[in-house]
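Biologist: I'd like to learn how to read a structure like this one. Could you take me through it, feature by feature?

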Amino acid sequence: MSANYLSMETLTWFLLDVFGLEEVLKAPRHQDHDKASVTQFLDTVKKWCDTELFPVFREMDEHPARFEDGVVKVHPIVGATMKRAGELGLLGATFDYE
């Protein structure tokens, strides 16, 4: 498995220096977050991608989603992936707490 599909240093540079993440985190909506919590979250997501997603991408590409008998059929790993993404808070990350 190769973990070289993403440079965390480049991502961090974009978030902090290009997009001004620390300024964004001053907004009331993001008051529960800081640079450290965002970094920890990104590290968690990267670890998940390295261990669970990256290894199955080729197989998923070889067996893409298809439309059969009026139903979209996806690779079986998609369900497990979506469940794990929900557990990590990725699916609801853009929503307010309420």
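This is a predicted model: local features need pLDDT of at least 70, side-chain atom pairs count only at pLDDT 80 or more; totals for chains, interfaces and linings use all residues.

Biologist: How far apart are the closest N and O atoms of R66 and E68?

Modeller: First the general idea: side chains of opposite charge can pair when their charged atoms come close. Here the closest N and O atoms of R66 and E68 are 2.7 Å apart, and the two residues form a salt bridge.

Biologist: How many salt bridges does a search of the whole structure find?

Modeller: Six. One of them pairs K26 with E23, with N to O at 3.1 Å, and both of those residues are exposed. Another pairs K46 with D50, at 2.8 Å from N to O.

Biologist: Are K46 and D50 buried or exposed?

Modeller: K46 has a relative accessibility of 12%, so it counts as buried. D50 is buried as well, with a relative accessible area of 14%. Both sit in helix α3, which covers residues 35–62, and they are four residues apart, so about one helical turn separates them.

Biologist: On to the rings. How many aromatic pairs does the structure hold?

Modeller: There are three aromatic pairs. Take W13 and F14: their ring centres are 4.9 Å apart and their planes lie at 65°, so this pair is edge-to-face. The reasoning needs one cut-off, because planes over 60 degrees apart count as edge-to-face. W13 is partly exposed at 44% relative accessible area, and F14 is partly exposed at 35%.

Biologist: Which residues do the ring pairs link into a cluster?

Modeller: W13, F14 and F19.

Biologist: What about the backbone? Which sign should I expect for phi?

Modeller: For most residues other than glycine, phi is negative. In this model D69 has a positive phi of about 50°, although it is not a glycine. Look for D69 in the loop between β1 (66–68) and β2 (71–73). With a relative accessible area of 76%, D69 is exposed.

Biologist: Now the inside. Which residues make up the largest nonpolar core?

Modeller: That core has six residues, namely V45, W48, C49, L53, A85 and L88. Four of the residues come from α3, which gives the most to this core.

Biologist: Leaving aside neighbours within four places in sequence, what is L53 in contact with?

Modeller: With those neighbours set aside, L53 touches W48 and T81.

Biologist: Last one: how do I describe two packed helices?

Modeller: You give the angle between their axes and the distance between the axes. Here helix α1, residues 8–18, packs with α3 at an angle of about 145°, and the axes are 12 Å apart. The crossing of these two helices, α1 and α3, is right-handed.

Biologist: Which residues in α1 and α3 meet?

Modeller: On the α1 side you'll find M8, L11, L15 and L16, and they meet K35, L42, D43 and K46 on the α3 side.

How values were computed: Residues are numbered from 1 along each chain as its sequence is written. Side-chain values use heavy atoms; hydrogens and water are left out. A salt bridge is a side-chain nitrogen of Lys or Arg within 4 Å of a carboxyl oxygen of Asp or Glu. Buried means under 20% relative accessible area, exposed over 50%, partly exposed in between (1.4 Å probe, protein chains only). Rings of Phe, Tyr and Trp (its six-membered ring) pair if their centres lie within 6.5 Å; planes under 30 degrees apart count as stacked, over 60 as edge-to-face and the rest as tilted. A nonpolar core is a set of buried Ala, Val, Leu, Ile, Met, Phe, Trp, Tyr and Cys residues joined through side-chain atoms within 4.5 Å. Contact means heavy atoms within 4.5 Å. Axes are lines fitted to C-alpha atoms, for helices over the stretch in contact, and angles run from 0 to 180 degrees between N-to-C directions. A crossing is left-handed if the near helix is turned anticlockwise from the far one by less than a right angle, and right-handed if clockwise.
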